[in-house]
Structure formats: structure tokens, C-alpha cells
Amino acid sequence: MDALTAHLDELGHGLVTTVHLTVVTTIGALLLGVVVATLRVCPVPLLRSVGTVYVEVLQNLPLLALLVLFVFALPTIGITFPLFTSAAIVIAAYEGAYLAEAIRAGINTVGVGQAEAARAIGLTFSQSLRYVILPQGLRAVVQPMGNICIALLMNTSLAAAVGVVELTQAANNVNLVEAQPIAVFTGAGLAYMLLALLIGRLAGTLERRWAIVR
Amino acid sequence: MAPTATPDLAGRTGRIRPDRPMVAVRGLQKWFGPLHVLKDVDLTVAAGEVVVVVGPSGSGKSTLCRCLNRLEVTSAGDIEIDGEPLPAEGRKLARLRADVGMVFQSFNLFGHRTVLDNVTLGPVRVRRVPRAEAREQGLALLDRVGIADKADHYPAQLSGGQQQRAAIARALAMRPKVLLFDEPTSALDPEMVNEVLDVMVSLAAEGMTMIVVTHEMGFARRAADRVVFMDDGRIVESGTPDEFFAAPSTERARDFLSKILQH
Ligand SMILES: Nc1ncnc2c1ncn2[C@@H]1O[C@H](COP(=O)(O)OP(=O)(O)O)[C@@H](O)[C@H]1O
Ligand SMILES: [Mg+2]
């Protein structure tokens with residue numbers, strides 16, 4: 001216990017960084033997910049392919065490899081971001097692919113009749129999506145999206161590999177000083193668990209609030 | 001308010017304007033892969049005219065309707081709405097669809113929006129009507145189809161007949177030039193059929209141009225100017241309801257009528 005209390009400051013910073021990274025990345029991943037899912041169902045074959053390639057590439061590479069590539073390869077062509085920004089971009093891009101697939105599954109739960117009725121009153125493709133299909137499709141997959149956000153939270157720990165001092169890295173640093181891995185990582189683990197519970201709760205609440213009367 | 005009772009349709013001569021074809025279909029062909037579903041269909045519907053389309057299941061009635069607002073892409077032939085050729089895609093097509101109302105067998109109301117929001121979506125987003133005005137007009141339309149008290153309900157809270165009347169109000173809100181109905185009462189319990197048909201009859205009486213796929217021969221008798229009989233992808237017979245029901249000229253039509261009139 002002393003190992004934890006003696007380093008509350010450091011661990012607290014790590015926790016804040018983890019939460020910050022999670023929030024920023026979730027927002028980015030949600031936006032990307034909607035855009036990519038839209039590409040995957042749009043009527044233009046080329047755009048559909050772009051969406052498919054995006055999802056296939058990002059889902060079939062390890063996040064750690066993507067992080068390392070992004071952080072160490074880009075500077076060789078003259079592009080550098082702060083480490084936190086780099087990690088946020090890569091994690092958002094990666095989780096965006098998973099969210100896109102969940103959102104696409106949601107879109108597929110909306111009957112074709114809805115899209116036809118939307119087109120029949122003169123809505124364009126993007127209007128149908130925005131006002132009719134997505135509002136119903138997203139509601140159908142709030143829970144799976146919540147689970148992806150929890151996975152995202154856990155995956156932020158990989159940012160440690162590229163030098164971001166988030167909760168896991170902070171715990172590691174503390175452990176290097178105190179050599180009490182069980183206490184330190186149990187503490188960090190509990191913090192992750194609490195955050196995950198929070199996200200799950202939020203998803204549950206949103207799902208209930210947005211439930212469509214049937 | 002209940003929907004208007006059967007209006008008197010006598011004395012509506014002059015309602016139809018033969019000089020103004022609202023829908024003109026020429027040489028329409030539709031294939032689904034190897035399946036030839038519409039075979040050289042010609043059909044002209046004048047402004048104000050009410051055409052009822054009948055025919056056995058699978059004869060291509062729905063496909064014809066869906067081609068008219070391009071929910072189905074045609075394989076060959078020309079379609080004009082109010083003198084304008086049907087645009088192939090994009091914004092122009094969306095604009096044309098706004099002028100062609102469609103009422104589906106399965107209602108297809110937007111489940112996440114209230115009845116009133118279903119009705120105002122098109123006017124607000126497509127016609128750019130200010131929201132307050134759209135609401136006012138939407139309420140008036142709901143009143144006219146007899147479900148003003150359901151404005152703030154969700155579709156799933158309505159009976160089938162009420163849902164279909166809401167769907168008609170949604171189509172009317174666009175002020176369409178022509179209304180297409182694809183078996184609007186086929187999914188309804190029998191006791192709800194008439195409340196929907198009554199609304200349709202009153203629309204007909206007011207001069208709305210309508211193409212109605214239905215097996216409700218009572219509606220055809222009350223409201224149709226013309227009955228068109230389809231069989232195997234072709235229009236094989238076309239005439240006034242009196243002509244058609246009294247003396248169908250083709251064997252197929254006689255056969256069809258004998259089957260549906262037994263009930
Ligand atoms: N999307 C489709 N793909 C393949 N075949 C279809 C499709 N829609 C309709 N058909 C076929 O086209 C024919 C005509 O169908 P339809 O227009 O629905 O007839 P109706 O409305 O008169 O019952 C039927 O044989 C039907 O199976
Ligand atoms: Mg049909």
C-alpha cells in the first residue's frame with residue numbers, strides 16, 4: 001500500500017493522461033467510425049472500396065506495430081507530432097476501424113423500407129443516412145460500441161511503448177523504484193476496472209435513454 | 001376528427017386534365033438478372049386521374065410503381081413525370097422524388113421519430129420549409145387523415161390503420177404531383193382497411209393524381225377513373241371500372257376477377 005500512497009502524484013498524473021487519451025481518442029474514433037461506415041454503405045463503388053481497405057488494413061495490423069511505425073517512421077519523412085498526439089491519432093484510427101464495423105452492423109439492422117421511404121420523400125443519400133438510417137442504426141449498437149470503447153481504454157496502455165507516461169507507464173516507473181509489482185499493478189488495474197465500469201454504465205444508460213419505442 | 005365519409009364522386013367530371021399527362025411511361029422494360037419482369041409497358045396517367053392497377057401476384061405491379069420514382073432502376077424505356085424525364089441520379093433525382101409521393105404496403109414510418117416528425121422531415125429538409133410552418137401544416141394534415149391526437153406518438157404506438165394514414169400524411173406533406181400506392185391496405189387487419197380507403201377516396205375526389213395497386217375492388221369502383229390489368233409483366237387490359245368489372249375482355253382478367261371476387 002505504501003508503494004501506492006508514496007507515489008500518488010505520479011500515478012495520478014498517469015491516470016489523468018489515460019483518461020485524457022481515452023476521451024480524445026474515443027471522440028476521434030467515433031467520428032472516423034461514422035465516416036468509414038458511411039463509406040462502406042455508400043452507393044459509389046470507389047468510396048466503398050476505400051472504406052473496406054481502411055478497415056481491412058487497420059484491423060489486420062497489431063496496434064503496437066502501428067504506434068511504433070507512426071512514431072518512428074514519420075519523422076524520417078519530416079513529419080513529427082508530440083508523442084501524445086501521435087498516440088491519439090494512431091489509437092483513434094485503429095479503434096475507428098472497429099467502431100466502423102460495429103456501426104455498419106447497426107446500419108444493417110435498419111430495414112430497407114426505411115431507406116426507401118427516406119428516398120421516396122426526396123432525401124438525398126447523405127440526408128437519409130443522417131436523419132433516418134444512422135439515428136436508428138447507432139441506437140442498435142450502443143452496447144457493442146461501449147465494449148469497443150472499453151477495449152480502447154485498455155489499448156491506451158500501449159502508448160507507453162512510444163513514451164507517453166499514462167497510467168501503465170506511471171505504474172511501471174513507480175515499480176522500478178519500489179519493486180512492489182503486485183501492489184502497484186493491482187492498484188493500476190483497479191483504476192482501469194473502475195473506468196471500464198464507468199464506460200459500461202454510460203453505454204447502458206444511453207442505450208436505455210435512446211431506446212426506440214417498438 | 002374521423003376521416004371524411006365517402007364523398008360524392010359524381011360531378012367531378014372536368015377534374016381530369018387529358019391535356020396534361022402527369023405520368024408518361026413508354027416502352028418500359030425491367031429485368032432482374034435473367035428475369036424479365038416488365039415487358040414493354042406503356043402507361044399515361046393524366047393530371048387528376050386515378051388509375052387502379054390490378055393483376056396476379058408477381059405480375060410486376062410493385063416493380064412498375066417502384067420504377068416510377070426510380071426506387072428500381074429501369075432497364076429500358078422512358079418515364080416522364082409532368083413532362084420531365086426521370087433524372088438518373090443525384091440531387092435532381094431526389095428533387096423529382098419529392099414530387100412523387102409513395103405509400104408502401106408496410107408503412108415504413110421512421111421508427112425513431114414521432115408521427116409529426118415523420119410528416120415534417122421532408123418539408124423541412126427537402127423543401128426547406130421553416131420548422132414552425134412545417135409543424136403547422138403537418139398537424140393540419142394529421143387532422144385531415146384523422147390522427148391529429150397521435151402527433152406526438154411514435155409509430156409503434158399506433159394501430160396499422162393509423163400508421164398507414166400517417167404515412168399518407170407524410171407523403172402529402174411534400175405536396176406531390178402524383179401519389180403512388182403499393183397495396184396500401186394489404187398489411188392491415190380487415191377492420192382497418194376502410195379508414196385508409198376513405199382517406200384515399202377523399203384524395204381522389206379532390207383531384208389528386210393517383211396510381212394505386214390494390215385488390216380492393218370496392219375502392220376501384222368508388223374512386224378509379226381507369227383500371228389497368230397487368231399479367232406477366234404486361235398491361236393486358238385497360239378500361240373504366242364499369243367496363244372492366246362488367247365485361248373484362250381477356251380470359252386472364254376474367255380468370256383473375258373470378259378468383260378475387262369469390263371472397
Ligand atoms: N429485387 C428483386 N430481385 C429479383 N426479382 C424481383 C425483385 N423484385 C421483384 N422481383 C420479381 O419480379 C416479379 C414481379 O414482382 P412484383 O413487381 O413485386 O409483382 P407484384 O407486385 O405484381 O406482385 C416477381 O417474379 C418477383 O419475384
Ligand atoms: Mg406487389
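Begin by selecting B:Thr120, which is buried at a relative accessible area of 7%, where buried means under 20% relative accessible area, computed with a 1.4 Å probe on protein chains only. The model is predicted, and local features need pLDDT of at least 70, while side-chain atom pairs count only at pLDDT 80 or more and totals for chains, interfaces and linings use all residues. Residues are numbered from 1 along each chain as its sequence is written, chains are lettered from A in the order in which they are written, and side-chain values use heavy atoms, without hydrogens and water.

Next, colour residues 115-125 of chain B, which make up helix H3, the place of B:Thr120; helices here are DSSP runs of H or I with at least four residues, and strands are runs of E with at least two, numbered from the N terminus. Leaving aside residues up to four places away in sequence, B:Thr120 touches B:Ala134 and B:Arg135, contact meaning heavy atoms within 4.5 Å.

Now show both chains, and look at the contact, which takes 26 residues from chain B and 20 residues from chain A. On the chain B side, select B:Phe110, B:His112 and B:Arg125, which lose the most area to chain A and together give 28% of what that side buries; buried area is the accessible area (1.4 Å probe) that two parts lose on being put together, summed over both.

Finally, select A:Glu116 and B:Arg66, which form a salt bridge whose closest N and O atoms are 2.8 Å apart, a salt bridge being a side-chain nitrogen of Lys or Arg within 4 Å of a carboxyl oxygen of Asp or Glu.

How values were computed. Buried < 20%, exposed > 50% of the residue type's maximum accessible area, 1.4 Å probe, protein only.
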